[in-house]
Amino acid sequence: TFALWFVWVVASAGLVVYGRTLQRIDGANALYWDGSTDAAIAEFRDLEEGFRSHSWFARLVPHERDRVLHNYLRLMYLRENYDSVIVQGEAALLDHDGPAPLVSYWLGNAYYRKAVSGEAEPEDALAWLRRAGEQYRAAVVDASGDWDVKYNHELVQTLLLKIDKQQQQDVFDVLRPQDKPSPQPPTRRIG
């Protein structure tokens, strides 16, 4: 009977922790909808840190962990805090056993924004765009039914293809300069 009692106590404690976590998630969502975006971001950050420090709990409730991570990255992205999205998203890819399906999507969005911001050198912008393409490719695999993911993937792949063609054209311009004199037909010398 002690083993049964022990299992009952552990299960009850687990349900209480789960219920409180759900309340905190709902509270963070309510903060966002009430217009307190910064408070919602702080609450989602605390929840995400809790899932990271208690990985056993995150494994038991992966849907809630994914929902917290998705909302956290989404809110930081909406605040145009792309560097934080990148840091948190990359950490999530490393830390989680199976990261939330949309982590790659938000990483791709942040990389894309860094590429088109105009603040990066052309080589860096191209590197950001290539990283966005990699993340969108992973996101298509994880969330194949999401049309936003598919659209962003196609957009970035099209941009990369255009850039690759343009670079190829630039190479041909170097190899075949326009100001190079073209051969002249032989002239008849009278004489």
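Select Gly-118 to begin: this residue follows α6 and has a positive phi, near 85°. Helices here are DSSP runs of H or I with at least four residues, numbered from the N terminus. The model is predicted, so local features need pLDDT of at least 70 and side-chain atom pairs count only at pLDDT 80 or more, while totals for chains, interfaces and linings use all residues. Residues are numbered from 1 along each chain as its sequence is written, and side-chain values use heavy atoms, with hydrogens and water left out.

**Helix α6**

Next, select residues 103–116, the 14 residues of α6.

**The nonpolar core**

Now colour the largest nonpolar core, which has 39 residues; such a core is a set of buried Ala, Val, Leu, Ile, Met, Phe, Trp, Tyr and Cys residues joined through side-chain atoms within 4.5 Å. Phe-44, Leu-73, Val-85, Tyr-105 and Trp-106 touch the most other members. Two or more residues come from each of α1, α2, α3, α4, α5 (82–95), α6, α7 (122–142) and α8 (147–175). The largest share, eight residues, is that of α6.

Centre on Val-85 and display its contacts (heavy atoms within 4.5 Å). Beyond its neighbours within four places in sequence, Val-85 meets Leu-73, Met-76, Tyr-77, Trp-106, Leu-107 and Ala-110.

**Helix α1**

Move to α1, whose 32 residues should span 46 Å at 1.5 Å a residue; the end C-alpha atoms lie 47 Å apart, which agrees. Thr-21, Ile-25, Ala-28 and Asn-29 are buried in this helix, and the elements covering its buried residues include α2, α3 and α4 (62–78). Just after α1, Gly-35 has a positive phi of about 95°.

**The largest pocket**

Finally, select the lining of the largest pocket: Val-17, Arg-20, Thr-21, Arg-24, Asp-46, Leu-47, Gly-50, Phe-51, His-54, Trp-56 and Phe-57. A pocket is an open set of points on a 1 Å grid over the protein atoms alone, where a 1.4 Å probe fits, with protein on both sides within 12 Å along at least five of seven lines; lining residues have an atom within 4 Å of a point. The volume is about 200 Å³, taken as the space filled by probe spheres set on the points. Helices α1 (2–33), α2 (37–53) and α3 (55–60) each supply at least two lining residues.

Conventions:
The expected span of a helix is 1.5 Å times one less than its number of residues. Buried means under 20% relative accessible area, exposed over 50%, partly exposed in between (1.4 Å probe, protein chains only).
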